[in-house]
Amino acid sequence: MGFRLNDPSGHSETTAIRKACKKLKTSDLRGAVLYASLQPCLMCFSTAFWAGISKIVYGCRKTKEMITKHYYEGSTDIHTVNKNNTRKIELVYVPDFEKESLDVVQVWEDQRQANPMKVFVGKGKAEEKTDAVKEIKHYYQKSPRK
Ligand SMILES: [Zn+2]
């Protein structure tokens with residue numbers, strides 16, 4: 001969702017935390033549980049940490065193939081960060097709906113790969129707006145991250 005809104009921090013988990021804080025008029029969500037289809041990224045995990053969230057429940061883990069793609073984190077994962085943090089978040093993997101969760105992720109990945117560096121304007125209409133976007137796209141085509 002973040003790339004559609006031109007907001008790199010617009011991930012669903014971070015957006016949900018923002019909305020919960022705003023609705024409850026607090027930045028302290030101690031005792032709250034965050035549910036996610038996919039194991040959260042480092043940014044969303046960190047946002048949950050700073051909000052005081054106690055537990056994160058997710059339906060599918062990131063595979064090695066997923067974390068090597070440039071739009072995932074790379075080699076660092078939330079378990080390593082959580083282990084080194086002063087306050088631990090309980091991380092609960094519930095595989096019961098992994099197939100359904102992976103299907104959702106696959107749809108997102110297909111859209112992402114079809115339009116890797118497009119700028120979305122309005123309701124899903126994509127266009128390359130600036131030379132900078134074209135340069136970034138060119139960079140990724142020439143040297144994709146591993
Ligand atoms: Zn995220």
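Modeller: Let us begin with a term: pLDDT is the predictor's confidence in each residue, on a scale from 0 to 100. It applies here because this is a predicted model.

Colleague: Which elements of the protein chain have the lowest and the highest mean pLDDT?

Modeller: Strand E4, residues 119-121, has the lowest mean, 41, whereas helix H1, residues 12-24, has the highest, 96. Averaged over the protein chain, pLDDT is 79, and 75% of the residues score at least 70. Over residues 119-140, pLDDT stays under 50; for this stretch the model has 25 contacts beyond four places in sequence.

Colleague: How many helices and strands does the protein chain have, and in what order do they run?

Modeller: There are six helices and five strands. Read from the N terminus, the order is α-β-α-β-α-α-β-α-β-β-α.

Colleague: What is the strand order of the open sheet?

Modeller: Its three strands are arranged E1-E2-E3, and their pairing is parallel. Strands E1 (33-38) and E3 (90-93) each have a single partner strand, so they stand at the edges, and one side of each is left without a neighbour in the sheet. On average, neighbouring strands of this sheet are turned by 20° against each other, direction ignored.

Colleague: How many bridges join E2 and E3?

Modeller: Strand E2, residues 55-60, pairs with E3 in the parallel sense over four bridges. As an example to locate in the structure, Ile 56 has Leu 91 in E3 as its bridge partner. Helix H5, residues 98-114, packs on this sheet and touches E1 and E2; the direction of H5 makes about 85° with that of E2.

Colleague: Where does UniProt place the feature "transmembrane region"?

Modeller: The unreviewed UniProt entry places that feature at residues 32-53. In the model, this span is 45% helix and 27% strand, and its end C-alpha atoms lie 5 Å apart.

Colleague: What share of the contacts with a separation of 6 or more joins residues 24 or more positions apart?

Modeller: In the protein chain, such residues account for 50% of those contacts.

Note on methods. Residues numbered from 1 in each chain as written. Predicted model: local features only at pLDDT ≥ 70, side-chain atom pairs only at ≥ 80, totals over all residues. Pairing = 2+ DSSP bridges. Helix = DSSP H or I, 4+ residues; strand = E, 2+ residues; numbered from the N terminus. Axes fitted to C-alpha atoms, helices over the stretch in contact; angles between N-to-C directions. Contact = placed C-beta atoms within 7 Å. UniProt positions renumbered as here; feature names shortened; annotations may be inferred.
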